[in-house]
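Please read the following report alongside the sequence and the three-dimensional view.

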Amino acid sequence: MSNHIEKPSKAGGFPSIQATLSHVLRSQRTKQNLKNLLRVNQTDGFDCPGCAWGDNKHGAFQFCENGAKAVAWESTGKGVGSQFFAEHSVRQLAKQTDYWLEYQGRLTEPMRYNAATDHYEPVSWNDAFSIIADKLNSLSNPNQVEFYTSGRASNEASYLYQLFGRLYGTNNFPDCSNMCHEASGVALTKAIGIGKGTVVLNDFDAAEAIFVFGQNPGTNHPRMMNALRKAAKHGCKIVTFNNLKEVALEKFASPQSPIELLTPAATTISHQYLTPKLGGDMAAVRGMAKYIIEQRQDKIDHGFIEQHSAFFNEYQQSVKRTSWQQIEQQSGLTRADIIKAAILFSGSKSVISCWAMGLTQHKHSVDIIREVINLHLLCGQIGKPGAGLCPVRGHSNVQGNRTMGINEKPSNEFIAHFDNFFETRLPRQAGHNVVEALKALQTKDSKVLICLGGNLAAAAPDTDFTYQAIRNAELNVQISTKLNRSHLQVTQDALILPCLGRTELDIQRSGIQKITVEDTFSMVHASTGMTEPVSELCLSEIDIVAQMANATFHHRDFSQRVGSHQINNQNAAIKIDWLALRDDYGLIRQLIQNTINGFEYYNQRIEQPAGFYLGNSAARFVWHTQTKRAEFNPSNLPDSVIADCSSDAQLQGSQGTQQPILLLQSLRSHDQYNTTIYGMDDRYRGIKGKRNILFINPQDAQNLNLVEGQLVDLQSIANDNVVRKVFGFSVVLYDIPQGNIAAYYPETNPLVSINSVGIDSYTPTSKSIPVTITPSTKPVINVAQG
């Protein structure tokens, strides 16, 4: 068997142009989408529905390949309506791939699940809102509802959604952040008092060194590659710590450079490229700090430490206690390579560290990120041009959602603003994150699931558990643009509510509406779609949320369900003219201005060409921590980076042999964004037409008697005695550290235990899944790919 792959010599370039045009042509709205691409991330256009990277307002082309895919995928001429659902039962649809489901096109009318026929059937909008209101008003406790949110929802939709949920009486706001960057927010808040990055886009022009941890921007944040390319060409030294050798971080050709587009020329991105073991980044950074503390005291910023920090002595002692043997063993890197990186970091006047899910989806992710912060505090690399911390967020408004209050653990200060303005008392008790919400649904303690976008069924871990949890909902409400796996986890009652996409014209009674988003650099800017909606029956997310709230609070008095505080909430909710907010989004922004810090003159400031900057307290040396200082974290390295069994654990095989345990990370392909699969290729890794792929070190494959192209099964190890297994993955020999393997998400989500989560973050440990590998024992059924 052979499955030989050929990686390209560079990322970007002409193949990116070809892929972009291919997806635009497949959208069946070619002319309109070519116009759309000229409006992506422009001052008078719409914000890209893809990643949250900041916008450079200069130039006619402000989109990347994956942004173009997102636009074409959303703005398609294909539609899914009542005829489609009449022809396909839920049971039949469940047999199709995630790619096939979304490829059918945009949802065009509201539908309700009929359990007797196992089909979705048309329902009027008024009836849909009455169904929701009746169900919510019949519950005995407001905490029996889970209000899930995707990171693509606008500031206005997110604000209205959390206001609806909190006035209803709950802080159950599980959201996509719980599964990706939660550890970043926790770590940053503990260390510097704010859960956001401290740099802005212009800082990348001023940096002397940029450290990239656990990130593949060529696929996940392609616009970031332009910033890295520009920095590299100006002499900035880029050091990459990434488990896999990703071609975009080696060589990148800008599609906007004629020479790099049409010739083999490309820009070398990484000055030093290190491939640590999965979970070994903390040890690698600890090694850098150890060298600086023990060998380069002159590079420590003692003035900054004395004036602005706490717990430095404790941290310094912890570093000195850490042995180089432990550092090398856990990181998988040599002392010499770590020291080389440390010399570059400590010798640079301005350093940015950026990271993504390669750091955030481990058991000890909070400590990993805090170790990166420790290094910056050690050298005073924060709060000056070209220096600071940069968690690179995923979906386009995931950071804005949090700012707007999509948070299951809101601060007392945040809630107090609402209490004072609305003359009520909102709930203080912590609500459910994603894992807690799924567990509550699984035990039927929660009765209703409402999802503002996203695809929770495909995104969440422990697939069998997740599917059953969602099926247990007495009412499953999905506000969506396209058909996805979450619509199919139904047994009782469910609604599909089709909404407008980011590209589409949104006209309400007061005229054409704009929404706002916040990017990864805390810049808030407006977005206005101009494409004609795919259907007259599609409503905006804001319209849907406003009408749900209006129906719930006016349909029937729900104040008798709980205590006196709920009566106060009822009174406040009825005073709000929800439909007026639907008619004019500027009124929502006025509410935001009155209840959330930093949004003064909101409606006026979004008229600025690039929007406005919310600011960052830590970048101004204002530390909202318990000590009112930036806090070093003196934690020791973990005993084991594996979440659910010890590092030397062995599993007894079925024939009495012991099978070695390898550590698996799940990742995206290049033709993918989050749970959306645009195609079956992974161009930058040389994969064509397949997704059940297992990337493995050649020596590991030899030790396991595996050959390239062989089909294997994977079984994960956990302490709950549940068998979790996936079948029929094709072996691909790849440049990855020994003992580590990689495969695509969501195909490997079934292997992640619902109980395997990060300490303090509750993020699923999707980058450190202990598994065993065996030759496949059952045939693989290939489902139609559309």
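## Basis and overall content

This is a predicted model, in which local features need pLDDT of at least 70 and side-chain atom pairs count only at pLDDT 80 or more, while totals for chains, interfaces and linings use all residues. Residues are numbered from 1 along each chain as its sequence is written, and side-chain values use heavy atoms, with hydrogens and water left out.

The chain has 31 helices and 33 strands, these being DSSP runs numbered from the N terminus (H or I, at least four residues, for helices; E, at least two, for strands). Of the 786 residues in the chain, 65% are buried, where buried means under 20% relative accessible area, exposed over 50%, and partly exposed in between, with a 1.4 Å probe and protein chains only. Among contacts (heavy atoms within 4.5 Å) between residues at least 6 apart in sequence, 78% join residues at least 24 apart.

A nonpolar core is a set of buried Ala, Val, Leu, Ile, Met, Phe, Trp, Tyr and Cys residues joined through side-chain atoms within 4.5 Å. The largest such core holds 65 residues, of which Tyr159, Ile450 and Trp578 touch the most other members. Apart from it lies another core, of 56 residues, which includes Ala209, Leu274, Val285 and Ile293.

Not counting residues up to four places away in sequence, Ile450 touches Ile132, Leu136, Val145, Glu146, Phe147, Tyr148, Tyr161, Val477 and Met548. Ile132 and Leu136 are among the buried residues of α7, which also include Trp125, Ala128 and Phe129. The 14 residues of helix α7 (residues 125-138) should span 20 Å at 1.5 Å a residue, and the end C-alpha atoms are 20 Å apart, which agrees; the expected span is 1.5 Å times one less than the number of residues.

## Helices α9 and α20

The axes of helix α9 (residues 182-192) and helix α20 (residues 365-378) come within 8 Å and cross at roughly 50°, and the two helices are therefore oblique to each other. Angles under 35 degrees count as roughly parallel, over 145 as roughly antiparallel, 65 to 115 as roughly perpendicular and the rest as oblique. On the α20 side, the contact is made by Ser365, Val366, Ile369, Arg370 and Ile373, and the α9 residues that take part include Ala183, Val186 and Ile192.

Helix α20 is mostly covered, with 13 of its 14 residues buried. Gly380, whose phi is positive, near 65°, follows α20.

## Helices α14 and α17

The axes of α14 and helix α17 (residues 324-331) come within 8 Å and cross at roughly 150°, so α14 and α17 are roughly antiparallel to each other. Trp324, Ile327, Gln330 and Ser331 of α17 make the contact with α14 residues, among them Ala283, Gly287 and Tyr291.

Ala283 lies in helix α14 (residues 281-295) and counts as buried at 0% relative accessibility. Leaving aside neighbours within four places in sequence, Ala283 is in contact with Ile327, Gln330, Ser331 and Leu637.

## Trp623 in its loop

Trp623 is placed in the loop between β22 (612-613) and β23 (630-631), and is buried, with a relative accessible area of 5%. The C-alpha atoms of Trp623 and Ile192 are separated by 5.5 Å, although the two residues are 431 residues apart along the chain. Leaving aside neighbours within four places in sequence, the contacts of Trp623 include Ile192, Phe304, His308 and Ile382.

Key
Axes are lines fitted to C-alpha atoms, for helices over the stretch in contact, and angles run from 0 to 180 degrees between N-to-C directions.
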